[in-house]
Amino acid sequence: HYKGMEVEDDFETAIDIHVDAFIPPGYIANEQQKLDIYKRIAALESEEECEEMLEELLDRFGEPPKAVYNLLDVARIKAAAHKLYLAEIVQRGDEWQFTFYEKAKINPSKIPELLQKSKGELTFAMEPVPHFLYKKGGIVKPASKVVTPVNTGRYRVKRPQPAVRPTMEKDKRDAIEIVKNVLNQLNMLLD
(Lines give C-alpha, C1' and ligand atoms only; values in the text may rest on other atoms or scores of the structure.)
Protein backbone atom coordinates (compact mmCIF):
# COMPACT_ATOMS: atom_id res chain seq x y z
CA HIS A 1 0.00 0.00 0.00
CA TYR A 2 1.20 3.49 -0.78
CA LYS A 3 1.46 6.01 2.02
CA GLY A 4 -1.61 8.23 2.18
CA MET A 5 -3.73 6.00 -0.03
CA GLU A 6 -6.90 4.55 1.45
CA VAL A 7 -7.89 0.97 0.80
CA GLU A 8 -11.48 1.03 -0.48
CA ASP A 9 -14.02 -1.77 -0.22
CA ASP A 10 -11.60 -4.29 1.28
CA PHE A 11 -14.30 -6.69 2.46
CA GLU A 12 -16.29 -9.67 1.26
CA THR A 13 -20.07 -9.83 1.06
CA ALA A 14 -21.69 -13.12 2.15
CA ILE A 15 -25.24 -14.07 1.15
CA ASP A 16 -27.11 -16.80 3.05
CA ILE A 17 -30.75 -16.89 1.98
CA HIS A 18 -33.14 -19.81 1.55
CA VAL A 19 -33.18 -20.33 -2.19
CA ASP A 20 -32.21 -23.16 -4.54
CA ALA A 21 -29.24 -21.64 -6.38
CA PHE A 22 -27.03 -24.20 -8.12
CA ILE A 23 -26.14 -25.77 -11.44
CA PRO A 24 -27.93 -29.13 -11.77
CA PRO A 25 -25.98 -32.07 -13.26
CA GLY A 26 -28.39 -32.26 -16.21
CA TYR A 27 -27.62 -28.68 -17.27
CA ILE A 28 -23.79 -28.82 -17.33
CA ALA A 29 -22.61 -32.42 -17.19
CA ASN A 30 -18.86 -31.73 -17.38
CA GLU A 31 -17.55 -31.09 -13.84
CA GLN A 32 -14.64 -28.89 -14.99
CA GLN A 33 -16.98 -26.67 -17.01
CA LYS A 34 -19.39 -26.54 -14.08
CA LEU A 35 -16.63 -25.50 -11.63
CA ASP A 36 -15.42 -22.85 -14.09
CA ILE A 37 -18.96 -21.40 -14.39
CA TYR A 38 -19.40 -21.43 -10.58
CA LYS A 39 -16.12 -19.51 -10.14
CA ARG A 40 -17.05 -17.00 -12.81
CA ILE A 41 -20.55 -16.47 -11.36
CA ALA A 42 -19.03 -15.96 -7.88
CA ALA A 43 -16.80 -13.21 -9.33
CA LEU A 44 -19.62 -11.26 -11.05
CA GLU A 45 -19.70 -7.64 -9.89
CA SER A 46 -22.42 -5.92 -11.92
CA GLU A 47 -25.78 -6.33 -13.59
CA GLU A 48 -24.04 -6.13 -16.99
CA GLU A 49 -21.69 -9.00 -16.10
CA CYS A 50 -24.68 -11.08 -14.93
CA GLU A 51 -26.48 -10.45 -18.23
CA GLU A 52 -23.35 -11.41 -20.20
CA MET A 53 -23.06 -14.63 -18.18
CA LEU A 54 -26.72 -15.46 -18.87
CA GLU A 55 -26.15 -14.90 -22.61
CA GLU A 56 -23.12 -17.20 -22.51
CA LEU A 57 -25.05 -19.90 -20.62
CA LEU A 58 -27.88 -19.68 -23.16
CA ASP A 59 -25.42 -19.94 -26.08
CA ARG A 60 -23.34 -22.80 -24.65
CA PHE A 61 -25.85 -24.89 -22.68
CA GLY A 62 -29.37 -23.80 -23.68
CA GLU A 63 -32.18 -22.45 -21.49
CA PRO A 64 -31.06 -22.53 -17.83
CA PRO A 65 -33.26 -24.21 -15.21
CA LYS A 66 -34.79 -22.13 -12.38
CA ALA A 67 -31.93 -22.95 -9.96
CA VAL A 68 -29.40 -21.38 -12.37
CA TYR A 69 -31.51 -18.23 -12.74
CA ASN A 70 -31.62 -18.12 -8.92
CA LEU A 71 -27.82 -18.46 -8.82
CA LEU A 72 -27.51 -15.44 -11.12
CA ASP A 73 -30.03 -13.53 -8.95
CA VAL A 74 -27.91 -14.28 -5.86
CA ALA A 75 -24.85 -12.96 -7.77
CA ARG A 76 -26.80 -9.77 -8.61
CA ILE A 77 -27.83 -9.42 -4.95
CA LYS A 78 -24.24 -9.92 -3.80
CA ALA A 79 -22.95 -7.23 -6.19
CA ALA A 80 -25.66 -4.74 -5.14
CA ALA A 81 -25.12 -5.51 -1.43
CA HIS A 82 -21.37 -4.96 -1.79
CA LYS A 83 -21.97 -1.52 -3.32
CA LEU A 84 -24.12 -0.74 -0.25
CA TYR A 85 -21.24 -1.72 2.08
CA LEU A 86 -23.08 -4.79 3.35
CA ALA A 87 -20.80 -7.52 4.68
CA GLU A 88 -23.57 -10.08 5.13
CA ILE A 89 -27.20 -10.86 4.37
CA VAL A 90 -28.54 -13.80 6.38
CA GLN A 91 -32.04 -15.27 6.38
CA ARG A 92 -33.30 -16.94 9.55
CA GLY A 93 -36.80 -18.24 8.98
CA ASP A 94 -38.96 -15.25 8.03
CA GLU A 95 -36.36 -12.67 9.09
CA TRP A 96 -33.42 -11.24 7.19
CA GLN A 97 -30.40 -9.54 8.75
CA PHE A 98 -28.46 -6.98 6.69
CA THR A 99 -25.07 -6.38 8.36
CA PHE A 100 -22.85 -3.47 7.37
CA TYR A 101 -19.11 -3.52 6.79
CA GLU A 102 -17.50 -1.80 9.79
CA LYS A 103 -16.27 1.11 7.63
CA ALA A 104 -19.47 1.49 5.61
CA LYS A 105 -19.79 4.90 3.96
CA ILE A 106 -23.47 5.47 4.64
CA ASN A 107 -25.34 8.49 5.91
CA PRO A 108 -26.63 7.58 9.40
CA SER A 109 -28.83 10.69 9.53
CA LYS A 110 -31.08 9.04 6.92
CA ILE A 111 -31.75 5.93 9.06
CA PRO A 112 -34.81 7.37 10.91
CA GLU A 113 -36.46 8.30 7.58
CA LEU A 114 -35.74 4.83 6.19
CA LEU A 115 -37.24 3.16 9.28
CA GLN A 116 -40.35 5.34 9.04
CA LYS A 117 -40.80 4.51 5.33
CA SER A 118 -40.50 0.77 6.07
CA LYS A 119 -43.73 0.80 8.15
CA GLY A 120 -42.18 -1.27 10.93
CA GLU A 121 -40.77 -4.00 8.67
CA LEU A 122 -37.18 -2.77 9.22
CA THR A 123 -35.49 -2.25 12.57
CA PHE A 124 -31.93 -1.03 13.14
CA ALA A 125 -29.40 -1.96 15.84
CA MET A 126 -25.79 -0.92 16.44
CA GLU A 127 -24.80 -4.01 18.44
CA PRO A 128 -22.99 -6.31 17.99
CA VAL A 129 -22.35 -4.56 14.62
CA PRO A 130 -24.57 -2.09 12.74
CA HIS A 131 -27.36 -3.99 11.02
CA PHE A 132 -30.94 -3.87 9.87
CA LEU A 133 -33.47 -6.61 10.52
CA TYR A 134 -36.32 -7.12 8.08
CA LYS A 135 -39.51 -9.01 8.91
CA LYS A 136 -42.53 -8.90 6.62
CA GLY A 137 -45.37 -7.40 8.63
CA GLY A 138 -42.91 -5.97 11.16
CA ILE A 139 -41.51 -7.00 14.50
CA VAL A 140 -44.02 -6.65 17.31
CA LYS A 141 -42.46 -5.18 20.45
CA PRO A 142 -43.92 -4.21 23.82
CA ALA A 143 -43.83 -0.45 24.51
CA SER A 144 -41.80 -0.91 27.71
CA LYS A 145 -39.04 -2.94 26.04
CA VAL A 146 -36.46 -2.09 23.41
CA VAL A 147 -35.92 -4.51 20.54
CA THR A 148 -32.40 -5.82 20.94
CA PRO A 149 -30.14 -7.58 18.44
CA VAL A 150 -30.79 -11.09 17.19
CA ASN A 151 -28.96 -13.11 19.85
CA THR A 152 -30.16 -11.30 22.97
CA GLY A 153 -33.90 -11.81 22.72
CA ARG A 154 -36.85 -10.41 20.79
CA TYR A 155 -40.54 -10.12 21.42
CA ARG A 156 -43.16 -11.43 19.09
CA VAL A 157 -46.90 -11.92 19.15
CA LYS A 158 -47.88 -15.33 17.83
CA ARG A 159 -50.18 -14.82 14.88
CA PRO A 160 -52.61 -17.48 13.68
CA GLN A 161 -51.19 -19.31 10.69
CA PRO A 162 -53.12 -19.12 7.43
CA ALA A 163 -55.07 -22.28 6.61
CA VAL A 164 -53.36 -22.64 3.23
CA ARG A 165 -49.61 -22.20 3.23
CA PRO A 166 -47.89 -20.92 0.06
CA THR A 167 -45.61 -23.43 -1.65
CA MET A 168 -41.96 -23.65 -0.64
CA GLU A 169 -40.97 -22.62 -4.19
CA LYS A 170 -42.94 -19.37 -3.80
CA ASP A 171 -41.32 -18.77 -0.39
CA LYS A 172 -37.88 -19.26 -1.94
CA ARG A 173 -38.68 -16.89 -4.80
CA ASP A 174 -40.03 -14.40 -2.28
CA ALA A 175 -36.67 -14.49 -0.47
CA ILE A 176 -34.95 -13.08 -3.56
CA GLU A 177 -37.67 -10.44 -4.09
CA ILE A 178 -37.60 -9.41 -0.41
CA VAL A 179 -33.81 -9.00 -0.41
CA LYS A 180 -33.93 -6.95 -3.65
CA ASN A 181 -36.66 -4.75 -2.16
CA VAL A 182 -34.71 -4.11 1.06
CA LEU A 183 -31.53 -3.35 -0.91
CA ASN A 184 -33.49 -0.77 -2.94
CA GLN A 185 -34.64 0.81 0.33
CA LEU A 186 -31.10 0.79 1.79
CA ASN A 187 -29.87 2.71 -1.28
CA MET A 188 -31.12 5.91 0.32
CA LEU A 189 -28.37 5.61 2.96
CA LEU A 190 -25.63 6.24 0.41
CA ASP A 191 -24.52 9.86 0.18
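Start with the sheet. Select its five strands: the sheet is open, its strand order is β1-β2-β3-β5-β4, and its pairing is mixed. Strands here are DSSP runs of E with at least two residues, helices are DSSP runs of H or I with at least four residues, and both are numbered from the N terminus. Two strands pair if DSSP finds at least two bridges between them. The edge strands are β1 and β4 (122-125), and each pairs on one side only. From one strand to the next, the twist averages 15 degrees; axes are lines fitted to C-alpha atoms, for helices over the stretch in contact, and angles run from 0 to 180 degrees between N-to-C directions.

What you are viewing is a predicted model, in which local features need pLDDT of at least 70 and side-chain atom pairs count only at pLDDT 80 or more, while totals for chains, interfaces and linings use all residues. Residues are numbered from 1 along each chain as its sequence is written, and side-chain values use heavy atoms, with hydrogens and water left out.

Strands of a sheet pair through backbone hydrogen bonds, either parallel or antiparallel. Select β1 (residues 14-16) together with β2: they pair in the parallel sense over three bridges. Within this pair, Ala14 has Glu88 of β2 as its bridge partner.

Zoom out to the whole chain. The protein has five helices and five strands, and from the N terminus on they run β-α-α-α-β-β-α-β-β-α. Of its 191 residues, 38% count as buried. Buried means under 20% relative accessible area, exposed means over 50%, and partly exposed is in between, using a 1.4 Å probe and protein chains only. Among contacts (heavy atoms within 4.5 Å) between residues at least 6 apart in sequence, 61% join residues at least 24 apart.

Next, the cores. A nonpolar core is a set of buried Ala, Val, Leu, Ile, Met, Phe, Trp, Tyr and Cys residues joined through side-chain atoms within 4.5 Å. The largest one has 25 residues, of which Leu86, Ile89, Phe98, Phe132, Leu183 and Leu186 touch the most other members. At least two residues of this core come from each of α3 (66-83), β2 (86-92), β3 (95-100), α4 (111-117), β5 (131-135) and α5 (168-186). The largest share, seven residues, comes from α5. Apart from this core lies another, of 15 residues, including Tyr27, Met53, Phe61 and Leu72.

Return to Ile89 and show its surroundings. Leaving out residues up to four places away in sequence, Ile89 touches Ala14, Ile15, Asp16, Ile17, Ile77, Ala81, Gln97, Phe98, Val179 and Leu183.

Now select helix α2 (residues 47-61). This helix has 15 residues and reaches 21 Å from its first C-alpha to its last, close to the 21 Å expected at 1.5 Å a residue; the expected span is 1.5 Å times one less than the number of residues. Which residues of α2 are buried? They are Cys50, Met53, Leu54, Leu57 and Phe61. These residues cover an arc of only 100 degrees around the axis, so they are on the same side of α2; the arc is that of the directions from the helix axis to the C-beta atoms. The buried residues of α2 pack against α1 (31-42) and α3. On the face turned away from the buried side, look for the exposed residues Glu48, Glu52 and Asp59. After α2 comes Gly62, with a positive phi near 90 degrees.

Finish in the loops. Most residues other than glycine have a negative phi, and most peptide bonds are trans. Select Tyr85, in the loop between α3 and β2: its phi is positive, near 65 degrees, in a residue other than glycine. Tyr85 counts as buried because its relative accessibility is 12%. Move to Lys119, in the loop between α4 and β4. Lys119 is not a glycine, yet has a positive phi of about 55 degrees. At 74% relative accessibility, Lys119 counts as exposed. The last stop is Pro128, in the loop between β4 and β5. The peptide bond from Glu127 to Pro128 is cis, with omega near -5 degrees.
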